[in-house]
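Me: I have a model open on my screen and would like to learn how to read it. Could you walk me through a few features?

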Amino acid sequence: MDAITHARGETFPIGELSRLTGVNIETIRYYERIGMLPAPPRTEGGRRVYDQHHTRVLAFLRRGRELGFTLDEIKALLALGGPERAPCGEVREIASKHLDDIRAKIADLTKLERLLGQTIDKCDGGTAPECPVLDILSLEPRRGP
């Protein structure tokens with residue numbers, strides 16, 4: 001990211017913040033509205049001006065979302081002091097819960113993969129009333145005669 005090239009104390013508009021972090025302008029505004037990104041000061045003309053702190057917080061938010069953390073989990077991490085000051089034990093607790101969630105999703109996907117694979121293997125390419133793939137997708141699977 002180009003964010004580290006900005007000098008300390010330099011401010012820039014929302015479009016530049018978006019370019020530096022790869023986060024859409026509307027998403028930036030959303031994060032401000034829900035209190036995830038601190039509201040920036042405004043110029044006399046009312047335009048938002050961002051600084052290096054906003055860039056770091058937004059980059060942290062973006063990376064957290066890429067890694068699958070929920071907004072609540074990221075908010076908790078930020079409340080602990082963010083990337084610079086958070087107590088490692090509390091961060092570990094949040095990350096451990098997230099890891100448990102990921103492992104549960106992987107287990108569910110593995111079961112789904114096996115079930116869907118078995119169902120596809122049973123499909124002989126016949127007519128729809130006897131299609132095992134459609135059967136597994138229906139709310140009430142078809143029963144044998």
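Reply: Gladly; the crossing of H3 and H4 is right-handed. That term applies when the near helix is turned clockwise from the far one by less than a right angle. Helices here are DSSP runs of H or I with at least four residues, numbered from the N terminus. The model is predicted, so local features need pLDDT of at least 70 and side-chain atom pairs 80 or more, while totals for chains, interfaces and linings use all residues. Residues are numbered from 1 along each chain as its sequence is written, and side-chain values use heavy atoms, leaving out hydrogens and water.

Me: At what angle do H3 and H4 pack?

Reply: Axes are lines fitted to C-alpha atoms over the stretch in contact, and angles run from 0 to 180 degrees between N-to-C directions. H3 (residues 52-66) and H4 (residues 71-79) pack at about 140 degrees, with axes 10 Å apart.

Me: Which residues make the contact?

Reply: Contact means heavy atoms within 4.5 Å. H3 brings Val57, Phe60, Leu61, Gly64 and Arg65, and H4 brings Leu71, Ile74, Leu77 and Leu78.

Me: Is histidine 98 buried or exposed?

Reply: Buried means under 20% relative accessible area, exposed over 50% and partly exposed in between (1.4 Å probe, protein chains only). Histidine 98 has 8% relative accessibility, so it counts as buried. This residue sits in helix H6 (residues 88-122). Apart from neighbours within four places in sequence, histidine 98 is in contact with Leu67, Gly68, Phe69 and Glu73.

Me: And what does leucine 37 contact?

Reply: With neighbours within four places in sequence left aside, leucine 37 touches Ile28, Tyr31, Glu32, Tyr50, His54, Val57 and Leu58.

Definitions and conventions:
Helix = DSSP H or I, 4+ residues; strand = E, 2+ residues; numbered from the N terminus.
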